[in-house]
Amino acid sequence: MTAGLYKPLAATGQDGRHLYTCPLCEAMCGLEIQVEDGKVASIRGNRDDTWSRGHICPKGATLGELHHDPDRIRRPMIKVDGQWQEVSWDAAFRRCTELLAPVIERYGICAVTCYTGNPLAHSFSLGRYTGVLLGMSGIPISYSPGTVDQWPKNLSSHLMYGGWWTFPVPDIERTDLLVVMGANPAASQGSLLAAPDVTGIIDGIRKRGKVIVIDPVRTATAARADEWLPITPGTDAALLLAVAHTLFAEDLVDLGAVGPHVDGLDRMRAVAADWPPERVAGVTGIDAGRIRGLARELAGTARAVVYGRIGTCNQEFGSLASWLVDVVNILSGHFDVEGGAMFPRAAAWSVTVQPIPGLEDGAPEFGRFRTRVRGAKEVLGQVPVSCLAEEIATPGEGQIRALITVAGNPVLSTPAGHKLDEVLPSLDAMIAVDLWLNETTRHADVILPGPSPLEQPHHDDLILNFAINSIANYSPPVFERPDPDAPEEWEILIRLTGLCTGTPAEDVDVAAIDDGFFDYMAFTKGFDGATLRALYDRGGPERILDFTLRTGPFGDRYGENPDGLTLEKLKAQPNGINFGPMIPQVPSVLGTSDRKIRLAPQYLLDDLPRLAARLNRAPDELVLVSRRHLRSNNSWLHNVAALMKGTDSAHARSTGNSAHARSTGNSAHARSTGNRCTLLMHIDDAQRRDVRTGDLVTVTSAGGQIEVPVEVTDAIKPGVVSMPHGWGHGKDGTRLTIANGSPGVNTNVLSPPTFIDEPSGNGALNGIPVAVDPVRA
Ligand SMILES: Nc1nc2c(c(=O)[nH]1)N[C@H]1C(S)=C(S)[C@@H](COP(=O)(O)OP(=O)(O)OC[C@H]3O[C@@H](n4cnc5c(=O)[nH]c(N)nc54)[C@H](O)[C@@H]3O)O[C@H]1N2
Ligand SMILES: Nc1nc2c(c(=O)[nH]1)N[C@H]1C(S)=C(S)[C@@H](COP(=O)(O)OP(=O)(O)OC[C@H]3O[C@@H](n4cnc5c(=O)[nH]c(N)nc54)[C@H](O)[C@@H]3O)O[C@H]1N2
Ligand code: SF4
Ligand SMILES: [Mo]
């Protein structure tokens, strides 16, 4: 036991030591924040945190800078004659009504849409209340980065397990063989895999077993692994089918305890029969012997698991790859068992992941509606986010005339965001719930800023569904809100929801809608909302949190289980509570009507001919993939000076510690350019074009063209180039002083809006064919 436990905690708003869970990524690190003179003086990892045990990354250490950022919007703003004015909350809501009500009156709610961005998944208030906006506003089609992220996984999980957020998570703490496909936790800190100090855990696996990384880039994760298998982008599904083929052909299939709960094994065998390793070796770039070996290693290791993430989703065959990662885990006996892929058990069930009405098991009726312009089909209630610009730009019945953005920056983050940038000014109304004036929100008519994260309590919602341990950790706010009467973000969302249904935003009865939402959730768990509400003196996210904890797997069920968890008990444990690792949960976790796992859903099998056609396609000369950096978070941490310093890299240097790095190390490896927004290119490809590190090149795709400096390396597969996303700052009308000083370029100019994974509609942001040419002075 360390001393920290006995150090006093300061109350909200006081100088002294505060404990706070970092809301920036899935690692959910417990932080110790020292406040002096009303300012954050230092932040370090809390070694007593029952989950993260002191882990912290450079981003978490800058939460203070983020909070004190002079550019952060602190008061509502409205645009008058092109100029921003700070106004009262009442005036801001009245302006929302003035702008939005006429649009709805004239064109109906179909002319309104919203874009709900990534940070809401980490926000105390937004996470629990976005469902109100999406579910109760009547807005028929909404957009989110879900369709440039995990939609293929939502789809495969819906089809296989009957739950669109029922994701199996690799039990990395207890596995002895980890195969990572299309993820770089050394940068991302884990995704759809919440674990404290993922790279430390990966180092631990190496000590007792083996780590293999399948990625076109020798990432920092690959550099720490035992083996790097450079794969052709977009071909993971073919590789996995060949692994499945081998498992069947060599009689290595053993489902273990989940066997009786799996439907479709014979079908899967028949499908895999067509995909011998020799058929896919050419296209994947991984030889048939190695593919067979991989299957044998997986089958021959008692505790092994394949983990696929964004590289397997944001690609042309994202749904097939997402499905097949699970298929291989199931076939090799690594499903729902320790050290394999398991279903987490969130201490507080998530409000965000309620079942979608009308999509019950046996009715994968996707395409219940189609977009007006492109005819893209709805999948799990959403259409590709890349449709948004054309739905705004194209006149006619159903044209989008008003947009609400919540914690998003689609101008930088979505395919052809530059087109969105062009059409946003044509909207009749745009309202942004955001904390910064960025490339997207600069087009808004009204900006409604919530409190900063450190002025709010924190307890994760969605992320607990991906966590390798069942944890609960409540953080009180560090700072008082400067204006206690200013609405919190959940109230903002409720007012906008009310406005969409016909009440002026300033007149919305927030408590009534909040109570209605609560009653609905209570009902889904078999409780009477009004009875429960009598126990609380106020509503909002804390009431929901108490309810989801108490009706969760460890909860007291309002007295039925007196020793169970309540928010009050959790608050008495400032270092959090850890209920331990994942446990087997099949079949109870399944949402399919007969509680079976569907191993071979027809909707996905129907996509196999498209993959087969891919095998015969002429190889591309160069394709583009995306990458992340530890010191950045999609488009929005570039305004933190401390994070813009430092040149450490998300990919391996030739001086890296992997055997591969040593064997290929030579003087041509990347020199740091000091600029993180670079095009990584293999030495051979660079030499052929006569370009060197730091040279400016044009990159051209079917979507558009950008100019960017090159970073020459051997840490990438020849024929592949890599760019980070979230850059392209420096636009007029933004207030991002630091970011605008190092703007970088927007890689999504190169992402063609119609290049998608067809079954899910998810953007294929990896594997984009490009041409690269030097810019000659
Ligand atoms: N520091 C930091 N952390 C973050 C974020 C951030 O921006 N910065 N973003 C957060 C978000 S929103 C998300 S969704 C997660 C994502 O977390 P990760 O999934 O770990 O994302 P990346 O680090 O981009 O790693 C994706 C890898 O896929 C590889 N890849 C590309 N195409 C293919 C392919 O076709 N096949 C295979 N096998 N690999 C491919 C890329 O080379 C890259 O190394 O990270 C989260 N965490
Ligand atoms: N080429 C390429 N493009 C990609 C990806 C890729 O791998 N390659 N990855 C995609 C993925 S996985 C994702 S998730 C998306 C991300 O796409 P988005 O979610 O659209 O983009 P972000 O940069 O995360 O924008 C976050 C916004 O939220 C605001 N914000 C931050 N905190 C808060 C808060 O507490 N409250 C409010 N109201 N606002 C807040 C920030 O100011 C910023 O404007 O990008 C996608 N785009
Ligand atoms: S890894 Fe970094 S960004 Fe993620 S939760 Fe921990 S400190 Fe925050
Ligand atoms: Mo994401």
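In this predicted model, a polar side-chain atom of K59 sits 3.2 Å from a nitrogen atom of ligand 1, a polar contact being a pair of N or O atoms within 3.5 Å. On its own, ligand 1 has 930 Å² of accessible area, and the protein covers 96% of that (Shrake-Rupley method, 1.4 Å probe).

The shell around ligand 1 runs to 32 residues, with S188, D215, D236, S632 and N634 the closest; to count, a residue needs a heavy atom within 4 Å. By class, 11 are nonpolar, 15 polar and six charged. At least two shell residues come from each of α5 (185-188), α12 (310-313) and β20 (623-627).

As for packing, the largest nonpolar core holds 117 residues, and I214 and M268 have the most contacts inside it. Such a core joins buried Ala, Val, Leu, Ile, Met, Phe, Trp, Tyr and Cys residues through side-chain atoms within 4.5 Å, buried meaning under 20% relative accessible area (1.4 Å probe, protein chains only). Helix α8 (residues 236-249) gives the largest share of this core, 10 residues. Another core, of 54 residues, lies apart from it and includes V87, I109, L133 and I513.

Residues are numbered from 1 along each chain as written, and chains are lettered from A and ligands numbered from 1 in written order. Local features need pLDDT of at least 70 and side-chain atom pairs 80 or more, while totals for chains, interfaces and linings use all residues; side-chain values use heavy atoms, leaving out hydrogens and water.

Note on methods:
Buried < 20%, exposed > 50% of the residue type's maximum accessible area, 1.4 Å probe, protein only. Helix = DSSP H or I, 4+ residues; strand = E, 2+ residues; numbered from the N terminus. Polar contact = N/O pair within 3.5 Å; in protein donor to acceptor, adjacent residues only side chain to side chain. Nonpolar A, V, L, I, M, F, W, Y, C, P; charged D, E, K, R; others polar.
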